[in-house]
There are 2 protein chains.
Amino acid sequence: MEKLEFKDLDRTFCPVSKAMREIGDRWTLLILRECFWGFKRFDDFQVNLKISKSVLTTKLNHMISLDLLEKQSYKEEGKRTRYEYTFTQKGKDLTKIMLSFLDWGNKYLVNEGEITLKAIDKISKKEVAIDILDDSGKRLKYSALEMKIVRK
Amino acid sequence: MEKLEFKDLDRTFCPVSKAMREIGDRWTLLILRECFWGFKRFDDFQVNLKISKSVLTTKLNHMISLDLLEKQSYKEEGKRTRYEYTFTQKGKDLTKIMLSFLDWGNKYLVNEGEITLKAIDKISKKEVAIDILDDSGKRLKYSALEMKIVRK
DNA sequence: CGGTATCCCGTGTGATACTG
DNA sequence: CAGTATCACACGGGATACCG
């Protein structure tokens, strides 16, 4: 079997391409960010994100079809039925992507003195980091990395 | 000083929003991926990504203006002057975002038996992971996280 | 509150042709 | 090879009105 070179490959095989096609739009990650903060209702998304209702409808339905979100109805005593959106495991697993964005954004796009967001450990209240680890758990630099083409 | 609540905040303050505005388009991350693989020339990008030349020109110039890329000229003996694009530190620091996409894409968007890409340690040739760490270097679950509004 | 149905518009993108 | 210029268009997104 001959060795596959990057140049020969249709880039659509790359998981980064695939992920971009699925969540690489203006709203998906921001909706999931709102979920991560605990918001669940249509109206919260709409007000917080200042997204138009028609687009939000489309996005939510699309994200449900991609298994990023689940829609559930619930009913409080004496109130009418409501709906809430919560993320699935697949959606929740986008947290690392969100935190990477957060990290990079904080480093390069936030000025000194400006208000921003950090992710902290609930217990220690200290900042968390996101990093690249080898199989023994040691942190790696980018320069220590290479890409390999494999079959899953 | 009163406590700031998420609901009160214009979402544009969020570094995730800011990052999305800067790199949340169809091409930027894919161009940086090609850089990460070692490609540097206009034509490589164009052929590999199947992007139209006019769009590529616009993107590259935009990315230079955002300080994600640098353009340099170089000259080999007896050949004419060529140009190459390499990423800046700011661009290089997007690697974690790329690896997060790679990780998530591999988990959810690649079927068994399909060709895909993994990031490995150059030395040990073993797969690397990307993870969330507390300040002592211990891995954290999402459920151990919370967000905090701070000033940089 | 939680949507759907229309209509409209900007812009991101591709195709093609041209240049040094 | 490394672009620029021009045109044309689809589609994502916003605004508005309407509905259960």
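Predicted model: local features only at pLDDT ≥ 70, side-chain atom pairs only at ≥ 80, totals over all residues.

Biologist: Where does Thr81(B) sit?

Modeller: Thr81(B) is in strand 2 of chain B, which covers residues 81-87.

Biologist: And what does Thr81(B) touch?

Modeller: Ser73(B), Tyr74(B) and Lys75(B). That leaves out residues up to four places away in sequence.

Biologist: New topic. Which residues touch the most other members of the largest nonpolar core?

Modeller: There are four: Leu69(A), Phe101(A), Leu69(B) and Phe101(B). That core has 86 residues.

Biologist: Let's take Phe101(B). Is Phe101(B) buried or exposed?

Modeller: Phe101(B) is buried, because its relative accessibility is 2%. Phe101(A) is also at 2%, so it counts as buried. As a general point, nonpolar side chains in soluble globular proteins tend to be buried together.

Biologist: What is Phe101(B) in contact with?

Modeller: Leave aside neighbours within four places in sequence. Then Phe101(B) contacts Pro15(A), Val16(A), Ala19(A), Met20(A), Ile23(A), Ile97(A) and Phe101(A), plus Leu29(B).

Biologist: How many aromatic pairs are there over all chains?

Modeller: The search of the whole structure finds five. Phe101(A) and Phe101(B) form an edge-to-face pair. Their centres are 6.3 Å apart, with 65° between the planes.

Biologist: Why does that pair join two chains?

Modeller: Phe101(A) lies in helix 6 of chain A and Phe101(B) in helix 6 of chain B, so the pair links the two chains.

Biologist: What about the rings of Trp104(B) and Tyr108(B)?

Modeller: Those ring centres are 5.8 Å apart and the planes are at 50°, so that pair is tilted. Trp104(B) and Tyr108(B) are separated by about one helical turn, because they are four residues apart in helix 6 of chain B.

Biologist: Buried or partly exposed, those two?

Modeller: One of each. Trp104(B) is buried, because its relative accessibility is 3%. Tyr108(B) has a relative accessible area of 25%, so it is partly exposed.

Biologist: Back to the two chains. At what angle do helix 1 of chain A and helix 6 of chain B pack?

Modeller: About 85°, with their axes 8 Å apart. Those two helices are therefore roughly perpendicular to each other.

Biologist: Which residues meet there?

Modeller: From helix 1 of chain A: Pro15(A), Val16(A), Ala19(A), Met20(A), Glu22(A) and Ile23(A). From helix 6 of chain B: Met98(B), Phe101(B), Leu102(B), Trp104(B), Gly105(B) and Asn106(B). By class, the residues of this contact are nine nonpolar, two polar and one charged.

Biologist: Now helix 1 of chain B. How many of its residues are buried?

Modeller: Eight of nine, so this helix is mostly covered, since buried means under 20% relative accessible area. Among the buried residues are Lys18(B) and Glu22(B), along with Val16(B) and Met20(B).

Biologist: What covers the buried residues of helix 1 of chain B?

Modeller: Parts of both chains. The cover includes helix 2, helix 6 and strand 3 of chain A. It also includes helix 2, helix 5 and helix 6 of chain B.

Biologist: Over to chain A. How do helix 2 and helix 4 of chain A cross?

Modeller: At roughly 80°, and their axes come within 11 Å. That angle makes them roughly perpendicular. Thr28(A), Ile31(A) and Leu32(A) in helix 2 meet Leu56(A), Lys59(A), Leu60(A) and Met63(A) in helix 4. The contact has five nonpolar, one polar and one charged residues.

Biologist: And helix 3 of chain A? What do its buried residues pack against?

Modeller: Helix 2, helix 4 and strand 2 of chain A. The buried residues are Asp44(A), Phe45(A), Gln46(A), Asn48(A) and Leu49(A). After helix 3 comes Lys50(A), with a positive phi near 50°.

Biologist: What is the phi of Lys50(B)?

Modeller: Near 50°, a positive value in a residue other than glycine. Lys50(B) sits in the loop between helix 3 and helix 4 of chain B. Its relative accessible area is 62%, so Lys50(B) is exposed.

Biologist: Last one. Where is Lys125(B)?

Modeller: In the loop between strand 3 and strand 4 of chain B. Lys125(B) is not a glycine, but its phi is positive, about 65°. Lys125(B) is partly exposed, because its relative accessible area is 48%.

Notes:
Residues numbered from 1 in each chain as written. Chains lettered and ligands numbered in written order. Heavy atoms only, no water. Core = buried A, V, L, I, M, F, W, Y, C linked by side-chain atoms within 4.5 Å. Buried < 20%, exposed > 50% of the residue type's maximum accessible area, 1.4 Å probe, protein only. Contact = heavy atoms within 4.5 Å. Axes fitted to C-alpha atoms, helices over the stretch in contact; angles between N-to-C directions. Parallel < 35°, antiparallel > 145°, perpendicular 65-115°, else oblique. Nonpolar A, V, L, I, M, F, W, Y, C, P; charged D, E, K, R; others polar. Phe/Tyr/Trp six-rings, centres within 6.5 Å; stacked < 30°, edge-to-face > 60°.
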